[in-house]
Amino acid sequence: MSRTCDVVVAGGSIAGLAFASEAAKLGLSVLVAEEHLEVGEPEKCDGLVSLRGLRRYGYPPGAEVVQDRIDCAVLHSPSGKRFTVNADGLDVVVLDRSAYDKQVAAAAEAAGASIMTGRRVGEVTETGDSVTVKAGDEEVQAKFLVDATGPASSPKHGILPAAKYEVEGEWIREHVVEVFLDARKYPGFFAWVIPFGEHRAKVGAAGRGVSPFRALDGFLEGRSTTVLRKVAAPIYIGGPAQRFVRGRRIYVGESAGQVKPTTAGGIMTSIAGAAAAARWVSSSIHEGRPSLPAGYQKEWEGDFMKEMKAMLRLRGVFEKLSNQDLEGVFSVLAASKLAQKLSKTDFDFHATALLGALGVPGLLRIAGLVASAEVRSLLLER
Ligand SMILES: Cc1cc2nc3c(=O)[nH]c(=O)nc-3n(C[C@H](O)[C@H](O)[C@H](O)COP(=O)(O)OP(=O)(O)OC[C@H]3O[C@@H](n4cnc5c(N)ncnc54)[C@H](O)[C@@H]3O)c2cc1C
């Protein structure tokens, strides 16, 4: 069997679905091929997002999709020092990510897009003015292929294996996100607890060169816990890809590296990428100008590149910190008015917010504790 459409989308998760929804609204015929049998499954993501970010791009979640509202975030040092940020005003929620994807899929279908599940995109052949895509046993001809296959296509250097469990336990604090830093247990990343109801949480761990499952089991030792579900999933922390558009292939979401390198959060930034790509692809098709989609990269970078660069620099510093350094940094954080300042910023732009709130005095204090070229480079840029 073979059919034709304007755009075929490989991957029916948040980026692919948001692209399909936006492109269909702009009058394009769009076909999404998702390899799994059900949109949103298997669920990997924890769904921590700011409503502000989702509203900005036109995809606020329905009330039934929101599992929890976050009041505060607590960072723990290796020795147990705490740094707490009040998140009351930040509009941060935890989504049932599977249900959210289904909500966006319904919006895409209502706009006229077709979604085929259980169809893996395989061979792709590019000819002069079209692409031919094998989706399951069907051949689809389109003007463009949108690659929204997530970590399957994202730059390999940025991938870190992670373990995630859904758990129940009396120790879980409702409305409180907790992050545990320890350079020995979770080198280059952390363990996290994201509540999603009374005494329920999505907990996870990742770190360079460690087994994430061993790290997470170690974290749960001594915390009386019932494990409801276990997931192995790679997270992406490598920063945006060099090129979002290659010929008639357009990369959106995680496959374009549109993910925060500090936290690996990518829901909002992927939707933003998908929406921008849909506008540029639509103009390209309507105006008959095949090179136009490349403009989408500039638009996304205009919105996010400053923040992404700040996040990559913070990551550069963070990856070099020993546990002793981390203790020192926690003392600097506690001594400044940082928590108060951060509670009034934007969750999605936390790196520039953090650097701005620390200012030169804070960075100088950290530079005094941590002799690293990365901290010096942060200072030189201020
Ligand atoms: C453990 C974990 C926790 C996370 N927590 C958060 C969080 O709290 N907040 C946040 O903002 N982000 C979080 N993220 C990141 C977020 O999930 C991703 O950035 C986001 O889902 C990226 O969306 P995407 O559509 O680009 O890719 P993905 O969600 O990875 O989707 C890719 C889709 O493509 C499909 N696919 C792959 N290959 C093919 C193929 N050949 N043919 C057809 N279909 C294919 C896959 O089945 C999948 O449905 C988390 C990620 C992980 C792994």
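**How the pairings and ligand contacts are judged**

User: Strand β9 (residues 121–127) and strand β10 (residues 130–135) pair in the antiparallel sense over 5 bridges. What makes two strands a pair?

Analyst: Two strands pair if DSSP finds at least two bridges between them. With 5 bridges, β9 and β10 meet that rule. One of the bridges joins Val-121 to Ala-135 in β10. The two strands form a hairpin, with 2 residues between them. A strand here is a DSSP run of E with at least two residues, a helix is a run of H or I with at least four, and both are numbered from the N terminus. Before we go on, please note that this is a predicted model, where local features need pLDDT of at least 70 and side-chain atom pairs count only at pLDDT 80 or more, while totals for chains, interfaces and linings use all residues. Residues are numbered from 1 along each chain as its sequence is written, and side-chain values use heavy atoms, with hydrogens and water left out.

User: Why are β3 and β4 called edge strands?

Analyst: The open sheet has 3 strands in the order β3-β7-β4, with antiparallel pairing. β3 (48–50) and β4 (66–69) each have a single partner strand, so one side of each is left without a neighbour in the sheet. Neighbouring strands are turned by 35 degrees against each other on average, direction ignored; the axes are lines fitted to C-alpha atoms (for helices, over the stretch in contact), and angles run from 0 to 180 degrees between N-to-C directions. β4 pairs with β7 (residues 92–95) over 3 bridges, and Val-66 stands opposite Leu-95 in β7.

User: Which strands are at the edges of the sheet of 7 strands?

Analyst: That open sheet runs β6-β5-β13-β14-β15-β12-β16, and its pairing is mixed. β6 (82–86) and β16 are the edge strands, as each pairs on one side only. Its twist averages 15 degrees from one strand to the next. Inside the order, β14 (residues 191–195) and β15 (residues 200–206) pair in the antiparallel sense over 5 bridges; Ala-191 has Ala-205 as its bridge partner.

User: Now to the ligand. What makes a residue count as near it?

Analyst: One of its heavy atoms must lie within 4 Å of the molecule or strand in question. Of the 32 residues around the ligand, Ser-13, Glu-34, Leu-48, Val-121 and Glu-254 come nearest. By class, there are 14 nonpolar, 10 polar and 8 charged residues in this shell. Here Ala, Val, Leu, Ile, Met, Phe, Trp, Tyr, Cys and Pro count as nonpolar, Asp, Glu, Lys and Arg as charged, and the others, Gly among them, as polar.

User: How do you know where the ligand lies relative to domain 1 and domain 2?

Analyst: Domain 1 (2–47 + 96–155 + 239–307) and domain 2 (156–236) both give residues to the shell, so the ligand lies between them. These bounds come from an automatic or database domain assignment. Among the elements, β16 gives the most to the shell, with 3 residues.
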